[in-house]
Amino acid sequence: MLRSQVFHYPVINSMSQPLYFEVAIPTPLRRRFDYLPPADIAPHAAKDWQPGTLLHLPFGQQTLVGVLLAVKNHTQASADQLKPVLGRVEEQPAFTAELLELCLWAADYYQSPVGEALHTALPALLRQGEVAVLSGEQGYRLTQEGKGLPQGALKRAAKQARLLELLQEREWISRSELEALGLNPTHARALLQKGLIEEHQLRLSESASSGPLLREAPLPPSEEQAEALASIHLDRFEVSLLDGATGSGKTEIYLQTIAKVLESGRQALVLVPEIGLTPQTLARFQRRFALPVVALHSGLNDRERLQAWIKAREGEARIIIGTRSAIFTPLKNPGIIILDEEHDASFKQQDGFRYSARDLAVVRASRLNIPLILGSATPSLESLHNARTKRYQLLRLRRRAGNARPPSVQLVDLRRLALHDGFAPETLAAMATEISAGNQVLVFINRRGFAPTLECLDCGWLAQCNHCDARMTVHQQPRHLHCHHCDHQRPLPRRCPECHSSRLEPLGQGTERSETALRQAFPATPIIRVDRDSTRAKDSMDRLLQPVHQGQACILVGTQMLAKGHHFADVTLVVILDADAGLFSADFRGPERMGQLLLQVAGRAGRAEKPGRVILQSHHVDHPLVQTLMMQGYHPLAELLLNERHASQLPPFRYLALLRAESKRPELALEFLRLARQLAQQLCPSSPALHYLGPLPAAMERRGDRFRYLLQFNAAQRRPLQQLLSQLAQQLERQALARRVRWSIDVDPQEMN
Ligand code: ADP
Ligand code: ZN
Ligand code: ZN
């Protein structure tokens, strides 16, 4: 077992032996620190402190919260370097043994400083040294005296009588419920003073301990669903890749599998992409299960987040749904992990501790010996490859659930067409037909703002960001130029800075421009724009989408925010304005991403009884990738791409890592990477099994006034790459140059720039 490997420290039987704490501290340094036990307690009292316990400790001039990793009786540090810790935050370790091991493994694998990795895994309040206590929900219940009261008592105080009655029915009512019931705290106070009720904190388990599991009956599974359900074994580790189109019934399989896990008294951890945790998704779980569903979404404040975390650790939360970082939720009785939309890039953290929640889900499930389901309509090439090589079991759903039929696809060739703000005439005609039939249309364009840039019609000048190698986006609401890479903003110029011409025109399409064009083309139809700008305010997404869910004829126009998590039952036509962006991407994952995104968007159409249609506009209708994707589907495209990856020695056939460096002075970053390459080659010379590429400029060389470069490692196997990276990181840390540039290591990078 891994446990004994990691925490094998000698049993300390002599009370006089010295005692040291090995501690992880949130610093960028890749090492562990030794401390003495607190000065005011006897050493033998400290020897039982558990790994995973949070400690207050002095570090330089500061006091920090660190994590105890081991108690030992030897140290390399000299006596004058050693300081005592100040004490523990609380007795119970914040990290369960299982979670601590997972984090240490991940810190190692992703070349992250241990302290940073552990801190990323903790709720913010624990990082700040708060104690993890479950506050429980405040509420009221009857006292003995209250219970003895005859029916119809307190006739003259109707509201108080109502509260008593409710308590007789339900035993407990939370404070927050009072208002919804037409009551307020004064009614409760009156009853408290009469001694008829008392305050009582409810722990979730009290409400969840008895009664039925399900609130709503499961749908009778289709033949395919039944087969998939029967293939998922709950008693051991096994990864199932549930590969089924949008609407094929994957979520129903999750729900029915979770029900079985709950029946056996265990917990289910469900991970969804960052923008996939919609109220709709949550509502579907809550409708199905009578047990509390705990959601770790971005709307929670730190306190709520901590409460949810504790409930999971104590086993009171039975179903936990969250985004990437929820993979670090402690679980008392783990039964299954489910990760939906497994191909989604948001499962990889792109800064700091650069872990992949999907890959860690595999590691965690394996260590816990529980099943993992990875679901997607467009699985990543990595997962498809794992299914091909039988590391994962492949479960395919080929048909749509219920009566829905797959959408039909039509390619519109944009070459030599006169466009109306990006729309081809036949696209507009098709939209008009749907709208007049009372249906909904979704227009997808993956660029927010009015237009990607501003152009001078006389000299060809384009609005560039002064701080990045990038163009500035034109925004109309409010009017300004905005760099989406460094956030720099400036007013729209009236004249061209080069030739002083006043003939400046927005170039290309963004969501704002499409919205404006559609308002002109369809003046009587509601146009709903969904992008980062229109959904900034809290709950604005729900408000915007309300008419859509009510089934009104309307046009939705938006970015990929529309592509995930939402179900639009009345959308019968999906228009993809410009499919070409991913075709010529500098990133080798570009075509894969394009395919996934287009399929996800297309999957919004025809979910229910109404058949759907997809129109894809392109300047490259003959491109083999476009042809394959739209005429044959995602899987033939994936085959094609996998063959290309194989030929060009890229993942999933090889393993990559990037060493990135950036600096305001380009020569420093470059020199750092040259040095890194030299050191690496001394440790491990170039060979077919491990080769180096770079230093190269990043796709956007300058961003926010920093110059960015990378060194790529490409290995046939994981382990030698791991060993090299960890030795290299140690050596780099000691270089003077390492303190003059910003650098980081990215293992299994998802973005190549
Ligand atoms: P996915 O998660 O693959 O997009 P869902 O599980 O959300 O698919 O199913 C799509 C739609 O089909 C939902 O409205 C769901 O209620 C319905 N559905 C799923 N399974 C069945 C079934 N066995 N019988 C009838 N309807 C089903
Ligand atoms: Zn000009
Ligand atoms: Zn910029």
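Reader: Which residues coordinate the zinc ion (ligand 3)?

Author: Donors are N, O and S atoms within 2.8 Å of the metal (3.2 Å for Na, K and Ca). In this predicted model, the SG atoms of Cys465, Cys468, Cys483 and Cys486 coordinate the zinc ion (ligand 3) at 2.2 to 2.3 Å. Residues are numbered from 1 along each chain as its sequence is written, and ligands from 1 in the order in which they are written. Local features need pLDDT of at least 70, and side-chain atom pairs pLDDT 80 or more, with hydrogens and water left out.

Reader: What is the geometry of the site of the zinc ion (ligand 3)?

Author: Ideal angles for four tetrahedral donors are 109.5 degrees. Four donors count as tetrahedral if all angles lie between 85 and 135 degrees. The site of the zinc ion (ligand 3) is tetrahedral, with angles of 104 to 114° among its four donor atoms.

Reader: What spacing do the donors of the zinc ion (ligand 3) follow along the chain?

Author: The spacing is C-x2-C-x14-C-x2-C. Cys465 lies in the loop between strand 18 (453–456) and strand 19 (473–476), and Cys486 in the loop between strand 20 (479–482) and strand 21 (489–490), so this pair ties together parts that are 21 residues apart in sequence. Strands are DSSP runs (E, at least two residues), numbered from the N terminus.

Reader: Is Cys465 buried or exposed?

Author: Buried means under 20% relative accessible area, exposed over 50%, and partly exposed in between (1.4 Å probe, protein chains only). Cys465 counts as buried at 3% relative accessibility, whereas Cys486, at 24%, counts as partly exposed.

Terms used: Four donors count as tetrahedral if all angles lie between 85 and 135 degrees; four count as square planar and six as octahedral if opposite donors are over 155 degrees apart and all others between 65 and 115; anything else is irregular. Helices (H or I, at least four residues) and strands (E, at least two) are DSSP runs, numbered from the N terminus.
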